[in-house]
Every structure is written in structure tokens, then in C-alpha cells.
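This briefing covers the cores, the pockets and several individual residues of one protein model. Please consult the sequence and structure shown here before reading the points that follow.

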Amino acid sequence: MVFPHLVTVLVEHVVVESCVLRITASTKDGTAAVYPGCGESSKRVHSRYGRRIADAPVGARPVLIELSVRRLFCDSSGCARVTFAEQVDGLTSRYGRRTPVLQRVIGALGVVLAARAVARLGLLLGIAVSRMTVLRAVMALPEPAWTGPRVLGWTSSRPGRAAGTAPS
């Protein structure tokens, strides 16, 4: 499967326009969405709106997902929000314009290359990204887990000398 993160949405059209692979999709009606603020689920639809999300390129062609998402009512009495927009796991995030897959690719390239090099390489790969976006993606990565050393000291690699003894 080329797009495993599109399993949870209805794909309506896939077309190549101006060297861009454009996917038109919408979220499924009748499914409940959970509001992360209060944890309540809702099926009562307020409206729909469109989002444009960049995805990882396919065959050096940029992929643009035009996604129609639902805005739902929150029926919880203790919740301060009246409506909320649903998020699709593995595809959208709040205010995000890139899929998590593309964000991980940009972050991984940014760790091993300089930001300007990623921006130039991105043009060849089909990823339109600025150097500042690469830096933000790298800064958003979690810190690597550090472990303390088990043994402090030095050992000699010369035969006949005991480990940890100073040279004479």
C-alpha cells in the first residue's frame, strides 16, 4: 500500500496536475470523533472545511492532500468549547500543514545535513521546504536518551601491561 495513512479517510480522486500528485479525500461520516480537551466523543456535525496537507513525495513528485474534515459539536456540559475539528490519526495535527511522515523525513534529513543542504536536496526529492522550516523540524525532535557511563578509566591495549596501570 502506497498511502497507509489514508486508510481512515475516503479517497475521492487521485490525479497528477502540474507535476503534483493531488489526492482529494474526506473524513467518513457517521464515525465518532473524540475531543482531546474533555475526552468526550461526538457524531453531531456542525460543518465541514477544507485543509491542504503536504505528504511525502512519490517518485520525486510532491503529494498534496486536499482533505475535507468535519467540525463537530461537543455535547459535554463541563466543556468550555462548543465545537471542535476532528483530527485524523497519522495524517493531521492541529494547525499542521504536513503529514507526520513528511515531518519525520524533514527532521531526519535536518539531523544529518545542514538546513540549506536539505532545502536544496528537497527540491530534487520533491519536498518544497525552507531552511528555517528544517531548523524548526530539528528543534521539535525529542532529545536523545542519554545513559551514564558504566566504567570510568582507561585500559591499555599493549600486551603484558595490566589494565589501568600507568605507563612508566
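Buried means under 20% relative accessible area, exposed means over 50%, and partly exposed lies in between (1.4 Å probe, protein chains only). The model is predicted: local features need pLDDT of at least 70, side-chain atom pairs count only at pLDDT 80 or more, and totals for chains, interfaces and linings use all residues. Residues are numbered from 1 along each chain as its sequence is written, and side-chain values use heavy atoms, with hydrogens and water left out.

**Residues with positive phi**

- Cys19 lies in the loop between strand S1 (9-17) and S2; helices (H or I, at least four residues) and strands (E, at least two) are DSSP runs, numbered from the N terminus.
- Cys19 counts as exposed because its relative accessible area is 55%, and its phi is near 65°, a positive value in a residue other than glycine.
- Ala60, in the loop between S5 and S6, also has a positive phi, of about 60°, although it is not a glycine.
- With 49% relative accessibility, Ala60 is classed as partly exposed.

**Nonpolar cores**

- A nonpolar core is a set of buried Ala, Val, Leu, Ile, Met, Phe, Trp, Tyr and Cys residues joined through side-chain atoms within 4.5 Å.
- The largest such core has 13 residues, and those with the most contacts inside it are Leu6, Val9, Ile65, Leu67 and Leu91.
- Strands S2 (20-27) and S6 (61-73) each supply at least two residues of this core, and S6 gives the most, with 4 residues.
- A second, separate core of 9 residues includes Ile127, Val129, Val134 and Ala137.

- Contact means heavy atoms within 4.5 Å; leaving aside residues up to four places away in sequence, Ile65 touches Leu6, Ile23, Arg51, Arg52, Ile53, Asp55, Leu91 and Thr99.
- Arg97 is in the loop between S7 and H1 and is exposed, at 66% relative accessibility.
- Residues up to four places away in sequence aside, Arg97 touches Arg52, Ile53 and Ala54.
- The C-alpha atoms of Arg97 and Ile65 are separated by 9.8 Å, the two residues being 32 residues apart along the chain.
- Thr27, in strand S2, is buried because its relative accessible area is 3%.
- The side chains of Thr27 and Glu86 are joined by a polar contact of 2.6 Å; a polar contact is a pair of N or O atoms within 3.5 Å, where within protein one must be able to donate a hydrogen and the other to accept it, and residues adjacent in sequence count only if both atoms are side-chain atoms.

**Pockets**

- On a 1 Å grid over the protein atoms alone, a pocket is an open set of points where a 1.4 Å probe fits, with protein on both sides within 12 Å along at least five of seven lines; lining residues have an atom within 4 Å of a point.
- The largest pocket has a volume of about 690 Å³, a volume being the space filled by probe spheres set on the grid points, which are joined across faces, edges and corners.
- Of the 26 residues that line the largest pocket, Arg51, Ala85, Glu86, Gln87 and Val88 are the closest to its centre.
- S5 provides the largest share of the lining of the largest pocket, 3 residues.
- The second largest pocket has a volume of about 250 Å³.
- Among the 17 residues lining the second largest pocket, the closest to its centre are Ala54, Pro62, Val63, Leu102 and Ala128.
- The largest share of the lining of the second largest pocket, 5 residues, is from S5.
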